[in-house]
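Please walk through the structure shown below.

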Amino acid sequence: MSISKFFRTIFLVDLFQGLWVTFRNQDPKRIYTEQYPAERPKVAERYRGAPRLNINPDNGETLCIACNLCALACPEDLIVVGSERNEETRRKELTTFTYDTSRCMFCGLCEDACPVDALELTQDFELASYTREGAIWDRQMLEEGPRPTPYKC
Amino acid sequence: MADEHKPDGPAPPPPAGGEAGTPPAKPAAPSAKAPLPKPPAVMAVTPWESDITQLLKERFDGQIPEFSTYLGQNFLVAAPEALVPVLETLKLELDFDYLVDITAVDYPKRPERFDVVYILYSFARNERVRVKIRIPDGYRPATAVTVHLTANWLEREVFDMFGIQFEGHPDMRRILLPEEWQGHPLRKDYSILKQDQAWVRENLSIESGQ
Amino acid sequence: MPEATYLDANELVINMGPQHPSTHGVLRVILKLDGEKVIGTECVIGYLHRGVEKIGENRTYQQFAPYVDRMDYVAAVSNGLGYCLAVEKLLNIEAPPRAQAVRVILTELNRIASHLLWLGTHALDIGAITPVFYCFREREEVLKIFENYCGARLTTHAFRIGGLQYETYEGFEEQTRKFCDWFIPKVDEYERLLTNNRIWVGRLKNVGVLTADECKEYGVTGPVLRAAGVKWDLRKAQPYSGYEQYEFEIPIGENGDTYDRYTVRMEEMRQAVRIIRQAVDRLPAGPIMGKVPKVIKPAVGEVYVSIEAPKGELGYFVVSDNSTQPYRVRVRPPSFINLQALDRMVRGGLVADVVAIIGTLDIVLGEVDR
């Protein structure tokens with residue numbers, strides 16, 4: 001073994017090199033932890049989170065035309081769209097819309113399938129509920145969004 | 001939750017707003033009036049000729065009824081008894097030394113119900129070839145473990161999923177499912193919602209479906 | 001495992017059970033030991049079997065795409081790429097050049113993310129607790145890019161059959177370039193932590209040797225095969241999705257031991273950054289979706305397409321019967337086949353080596369069991 005290698009082994013040079021990397025990362029400027037729930041992460045615009053049924057801002061009506069394409073696109077068959085035919089305008093009108101978030105895998109196929117951008121997956125990721133039935137969302141919950149109870153941390 | 005399941009019956013219509021009568025697998029025809037030809041009901045294969053087929057034809061006269069190619073991928077259909085000799089010849093003389101995969105396909109309406117597929121690759125030639133054998137239910141093909149060691153777990157998985165036992169395998173038991181499971185899930189008569197109720201009740205102490 | 005109806009006085013059968021911090025998932029390994037030396041092993045798998053292949057027969061081609069992400073959940077983008085390439089081959093269509101370039105960028109980012117997770121957890125199993133934090137910090141940046149692009153970090157569902165669904169977002173190229181510049185010094189940092197560290201070298205050198213011939217016998221592919229000295233990579237041998245345009249090296253090792261697999265994967269991360277830089281510089285303009293029919297009903301036939309996933313050769317054997325649902329989807333899982341070689345690799349080693357070898361094979365149980 002050459003002299004320099006001998007000294008490197010005796011004086012634990014390789015171990016100190018590793019320790020130097022670790023100590024350098026203790027610098028408070030390099031702290032990477034996000035203090036959730038005090039600071040919420042900023043999620044991307046395209047994030048596939050909680051579903052929402054959009055409402056036309058002008059007249060307050062739902063944008064959904066009850067075409068059932070989202071239900072057909074869903075791999076898990078968890079959307080049930082109820083509609084009735086309006087005799088005056090001779091179009092289908094949405095009555096009930098059920099979405100089962102407990103089986104949803106947030107793949108986004110329903111959002112891609114919707115032709116009028118009524119069904120959208122928002123940036124909301126806090127979807128916990130206390131009961132299994134609470135995870136099945138009806139039309140009202142879809143339009144307003146989940147209202148998690150804020151707890152003081 | 002199970003009530004909301006729509007029945008897994010006929011294939012659902014197109015997800016992206018198509019109208020009825022969209023021609024399958026063809027771009028929009030200029031005039032939808034003329035009836036378009038239906039695609040073939042069997043695989044549209046073309047015959048395959050190369051030095052590999054020459055050697056195999058000489059060696060296994062009559063035991064390899066078909067050498068074909070589909071979409072640029074070559075395959076041959078061998079008689080089930082000739083399987084291990086064919087694999088050996090491919091490995092020792094034609095450099096197909098890497099067994100990529102063993103799998104099976106179930107065609108319940110055919111008398112030869114299963115199609116066991118062996119995919120082989122040659123490092124030297126940079127080529128892939130598939131060897132298929134058509135076997136009826138209950139037939140036990142010879143194991144390929146003597147030729148390629150990879151075949152050990154791959155054949156166990158084929159047995160587990162399809163029930164095809166391989167003759168001469170050192171350890172023929174289920175690999176992915178529990179040992180006492182009844183039934184072979186990837187067969188077409190095993191519905192997707194079915195489970196081995198007895199096993200679930202005994203071992204998980206819940207009623208199935210939860 | 002050798003059959004024995006009774007144990008020799010020195011032998012001991014120990015269960016390294018499905019719940020174990022070092023088995024990278026729910027893997028059960030039954031070890032037959034002579035003191036500390038391992039005489040035989042038996043892997044029991046299937047704890048994460050979800051029947052993905054059966055599901056594939058009951059969903060349409062587009063609907064099945066989110067399910068394949070969940071097999072190798074660590075590197076979900078490659079699974080999606082393999083599946084989309086297989087169905088595109090069945091339909092005889094090709095994605096446009098821009099879609100192919102973006103696919104390459106995302107797949108290579110995904111390779112970096114997978115190797116980072118491998119490095120972190122492997123080092124953690126060996127006992128080096130620090131790298132896992134740094135690796136996850138870097139992985140976080142890659143997942144941010146995925147989230148900005150397709151909306152999900154882990155189960156991305158990034159690609160569609162025929163191309164891409166989403167156009168790249170504003171700032172995609174800039175963020176990717178910044179990531180590449182930021183990341184290369186980090187790889188050097190990991191090397192400084194581990195490569196010459198005598199404990200690391202002592203734990204990994206000459207452990208779990210698998211020679212090139214044994215690799216070919218067992219069908220082992222990916223970095224394990226390359227560490228044994230075989231210069232083979234599906235991106236060079238049978239290029240797909242435009243890989244022939246990019247210049248990159250294939251790192252190989254010499255001895256086929258665990259240390260070589262470590263160096264091969266570190267170098268692969270560097271080469272992945274090289275590919276990303278080239279792809280981002282040359283990103284062509286154009287459409288992102290090819291000519292896909294409205295109803296995907298491929299002609300009757302079967303096709304086998306495989307890609308170089310971070311773990312090995314990931315293949316899809318898709319059989320179609322001219323209906324909207326595939327007749328059979330078979331996934332050739334690299335982790336399942338690499339795990340078979342575990343028995344050969346641990347012979348003569350110690351129990352601690354079993355942990356190192358399971359880590360070095362880079363298995364993900366989601367893929368082993370599907």
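Two strands are taken to pair if DSSP finds at least two bridges between them. The strands themselves are DSSP runs of at least two residues, numbered from the N terminus. With these terms, one can say that A:Asp100 stands opposite A:Ile136 in E5(A). The model is a predicted one.

In general terms, strands of a sheet pair through backbone hydrogen bonds, in either a parallel or an antiparallel manner.

Chain A as a whole is divided into two parts: domain 1 covers residues 1-32, and domain 2 covers residues 51-144. Between the C-alpha centres of domain 1 of chain A and domain 2 of chain A there is a separation of 57 Å.

Attention now turns to chain C, beginning with a pair of its strands. Strand E6 of chain C (residues 301-309) runs antiparallel to E7(C), and 9 bridges join them. Within this pairing, C:Glu308 stands opposite C:Glu313 in E7(C). E6(C) and E7(C) form a hairpin, with 2 residues between them.

E7(C) also pairs with strand E8 of chain C (residues 328-332), in the antiparallel sense and over 5 bridges. Here C:Gly315 is the residue that stands opposite C:Arg332 in E8(C).

Why is strand E7 of chain C described as largely enclosed by the rest of the structure? A residue counts as buried if 20 or more other C-beta atoms lie within 10 Å of its own. Of the 9 residues of strand E7 (residues 312-320) of chain C, 9 are buried, so this strand is largely enclosed by the rest of the structure.

The last topic is the contact between the two chains. It takes 20 residues from chain C and 19 residues from chain A. On the side of chain C that touches chain A, the elements giving two or more residues are helix H2 (61-69), helix H5 (130-150) and helix H6 (172-194) of chain C. The largest share of that side, 5 residues, comes from H5(C). By residue class, the side of chain C that touches chain A divides into 5 nonpolar, 9 polar and 6 charged residues.

Notes:
Residues numbered from 1 in each chain as written. Chains lettered and ligands numbered in written order. Predicted model: local features only at pLDDT ≥ 70, side-chain atom pairs only at ≥ 80, totals over all residues. Helix = DSSP H or I, 4+ residues; strand = E, 2+ residues; numbered from the N terminus. Domains from an automatic or database assignment. Buried ≥ 20, exposed ≤ 12 C-beta atoms within 10 Å, placed from the backbone. Contact = placed C-beta atoms within 7 Å. Nonpolar A, V, L, I, M, F, W, Y, C, P; charged D, E, K, R; others polar.
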